[in-house]
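Student: Could we go through this structure together, one part at a time? I would like to ask questions as we look.
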Amino acid sequence: MAAMKWWGWGVDGVAFTHEDKPELRDFIIEKIGLDVGAATESPKTFDELDLPAPDVADDLRAALVAAVGEDALSDDGLDRVVHARGKSIRDLIRQRRGDLPRIPDLVVRPADEDQVTAVLAAALAADAVVIPFGGGTSISGSLEASAAETRTVLSVDMSRLDQVLEIDEASRLARVQAGVFGPHLEEQLNARGYTFGHYPDSFTHSTLGGWIATRSSGMQSDRYGDIADMVRGLRVVTPAGTLVTRPVPSTSTGPSIREMVLGSEGRLGLITEATVHIRHLPQARTILGYLFPTFQAGLDAMHAIALSDASVSVTRVSDAPETQFSFATRKASTRLDKVQSKALTTFLTKAKGFALEEMCLSFIGYEGSEDHVSEQRRKVGRIVGAHGGLCIGASPGQLYDQKKFDTPYIRDFLLDRGAAADVSETAAPWGRLRELYDNTRAAGQAALDGMGVRGYLMCHLSHSYHAGACLYFTFAFEPAPGTDMIEQYDVVKKAIQQAFVDNGGTLSHHHAVGTEHSEWLEQDISAPGVVLLKALLHGTDPGANLNPGKIV
């Protein structure tokens with residue numbers, strides 16, 4: 001995979017634009033008073049960056065050359081900047097400003113587990129810091145070295161470990177190297193008739209090891225499970241040696257070592273391999289669009305589906321603000337589209353009694369045999385109908401499926417126009433979900449009002465479970481004149497995160513802790529939970545060489 005832009009999301013030549021979306025410019029002007037017609041800001045050029053010189057002792061460099069070879073080491077300035085941070089909005093703003101107080105001294109690219117072991121041994125002997133790097137998509141501050149770090153910092157890029165090593169046909173398990181990117185993993189499995197089925201927003205640019213290290217969820221986790229459900233066995237290079245957990249279906253061997261590695265963000269070692277669940281490619285796959293009269297009706301329908309015997313791959317419902325934004329991002333309509341849209345609007349308002357400003361868009365996905373998909377569609381259709389919803393066909397779902405990995409590009413588009421946008425997500429029991437939604441929206445709006453800025457908050461339910469669901473909030477605003485964007489961002493972000501834990505939610509459903517969310521960890525897992533976690537991290541890594549400062 002080509003490296004992502006050092007200052008933004010994705011690769012050069014790919015960007016979000018409003019020019020093919022005729023309603024979007026006026027929509028953003030109306031909602032936050034920002035004219036996105038032309039870019040008003042730009043990141044510094046790479047040549048303008050003031051990069052600290054790499055600091056690698058001769059003995060350490062010699063040991064690393066012996067471990068991986070000269071060609072697998074890089075102190076190139078661009079390589080070091082790309083590996084310095086992830087892609088949180090804080091990361092992007094500081095990258096664009098050229099605010100780079102501490103970047104890796106060296107990027108190391110091992111080719112196999114033996115080389116990873118040798119790299120870690122060399123780093124520990126030299127008291128260097130090791131930060132594992134997959135695709136660099138973290139939005140929780142999991143990849144940046146502390147500005148105060150005086151030791152040599154190594155970014156260990158795992159992308160050369162990118163192969164499916166073995167498939168156990170009987171058990172439907174695959175041994176996979178941890179540096180494989182999402183598309184390459186699916187290519188290898190699809191060629192054998194299988195799929196992994198894990199599709200986070202970052203799929204195109206993220207790796208299996210990164211998903212494991214951050215406890216990722218995918219867009220189809222309703223069917224395939226979160227990454228914690230999909231990983232059975234692990235190999236991790238640690239200061240004490242190579243940790244191996246067997247890929248058994250279940251075990252009673254004390255506290256789960258596998259669970260300790262999941263979400264560990266490189267604090268326990270470098271993940272080199274995982275044994276994961278795989279499934280046969282589905283015979284049929286479709287995502288349908290639905291409309292609900294209100295967000296509450298949509299939430300109730302998703303709850304009913306989760307408690308029913310229906311089997312679906314995607315459950316997603318947007319609130320009214322996100323629905324309106326989605327409609328504003330539509331491309332130019334044909335005359336037939338306009339006629340059909342007008343007819344649907346008339347039907348919704350006259351026959352169904354919808355208030356268009358409260359209407360909510362939903363997507364529900366189905367996979368399996370043709371008969372299975374047909375049966376699930378019927379089951380879900382009855383539930384949707386019972387909650388006042390209406391199926392609007394496959395076309396909206398096809399568009400969602402095609403564009404599902406494009407959303408992160410919008411942040412760069414807005415930064416180029418002087419505005420900030422970010423996301424925060426949580427999970428809570430069904431019984432507290434609406435309370436959490438209402439109070440989080442109120443907290444976010446109060447934060448914006450308190451700063452005297454106009455902003456836009458929107459939300460969707462993205463994953464459903466037996467006991468609850470994930471709510472995924474997005475917010476955007478133009479900072480007040482003469483203020484610092486990061487400082488104003490922090491006011492909104494902190495208000496939303498605090499509302500999560502105050503209303504029965506977790507600090508993050510699938511974006512990890514890093515440094516962005518560590519402030520709320522004790523409120524989430526309790527003070528004794530933090531004590532246990534610190535003991536685990538210190539016991540494994542007493543010298544604080546493994547990605548120090550993350551999580552706690």
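Student: Which residue follows H1, and what is its phi?
Tutor: H1 is followed by Gly-33, and the phi of Gly-33 is positive, near 75 degrees. Please keep in mind that this is a predicted model.

Student: Which residues of H1 are buried?
Tutor: In H1, which spans residues 24–32, the buried residues are Leu-24, Phe-27, Ile-28 and Ile-32. Viewed down the axis of H1, these buried residues fall within an arc of 95 degrees, so they line one face of the helix.

Student: Where do E17 and E18 sit in their sheet?
Tutor: The sheet is open and has 7 strands, in the order E15-E12-E14-E13-E17-E18-E16, with antiparallel pairing. Its edge strands are E15 (390–393) and E16, each of which pairs on one side only. On average, neighbouring strands of this sheet are turned by 25 degrees against each other, direction ignored.

Student: What holds strands together in a sheet, in general?
Tutor: Strands of a sheet pair through backbone hydrogen bonds, in either a parallel or an antiparallel manner.

Student: How many bridges join E16 to E18?
Tutor: There are 10 bridges between E16 and E18, and the two strands run antiparallel. For instance, Ala-421 has Ala-476 in E18 as its bridge partner. Strand E16 (residues 420–429) is also mostly covered, since 8 of its 10 residues are buried.

Student: What about E12 and E14: how many bridges join them?
Tutor: Strand E12 (residues 284–292) and strand E14 (residues 360–368) are joined by 9 bridges and run antiparallel. One of the pairs is Ala-284 with Gly-368, its bridge partner in E14.

Student: Which strands does H12 touch?
Tutor: H12 packs on the sheet and touches E12, E13 (314–318), E14 and E17. The direction of H12 makes about 100 degrees with that of E17. Helix H14 (residues 370–386) packs on the sheet as well, touching E12, E14 and E15. The direction of H14 makes about 155 degrees with that of E14.

Student: Changing topic: at what angle do H2 and H5 pack?
Tutor: Helix H2 (residues 58–68) and helix H5 (residues 113–125) pack at an angle of about 170 degrees, and their axes are 9 Å apart. Angles over 145 degrees count as roughly antiparallel, and H2 and H5 are therefore roughly antiparallel to each other. Among the residues that make the contact are Leu-60 and Leu-64 of H2, and Ala-118 and Val-119 of H5.

Student: Now Arg-258, please. Is it buried or exposed?
Tutor: Arg-258, which lies in helix H10 (residues 257–261), has a relative accessible area of 14%. The cut-off for buried is under 20%, so Arg-258 is buried.

Student: What does its side chain reach?
Tutor: The side chain of Arg-258 reaches the backbone oxygen of Val-231 at 2.9 Å. Leaving aside neighbours within four places in sequence, the contacts of Arg-258 include Ala-228, Leu-234 and Thr-245.

Student: Lastly, what is the phi of Arg-215?
Tutor: The phi of Arg-215 is near 55 degrees, a positive value in a residue other than glycine. Arg-215 lies in the loop between helix H7 (208–214) and helix H8 (221–224), and is partly exposed, with a relative accessible area of 33%.

Notes:
Residues are numbered from 1 along each chain as its sequence is written. This is a predicted model: local features need pLDDT of at least 70, side-chain atom pairs count only at pLDDT 80 or more; totals for chains, interfaces and linings use all residues. Side-chain values use heavy atoms; hydrogens and water are left out. Buried means under 20% relative accessible area, exposed over 50%, partly exposed in between (1.4 Å probe, protein chains only). Helices (H or I, at least four residues) and strands (E, at least two) are DSSP runs, numbered from the N terminus. The arc is that of the directions from the helix axis to the C-beta atoms. Two strands pair if DSSP finds at least two bridges between them. A polar contact is a pair of N or O atoms within 3.5 Å; within protein, one must be able to donate a hydrogen and the other to accept it, and residues adjacent in sequence count only if both atoms are side-chain atoms. Contact means heavy atoms within 4.5 Å. Axes are lines fitted to C-alpha atoms, for helices over the stretch in contact, and angles run from 0 to 180 degrees between N-to-C directions. Angles under 35 degrees count as roughly parallel, over 145 as roughly antiparallel, 65 to 115 as roughly perpendicular and the rest as oblique.
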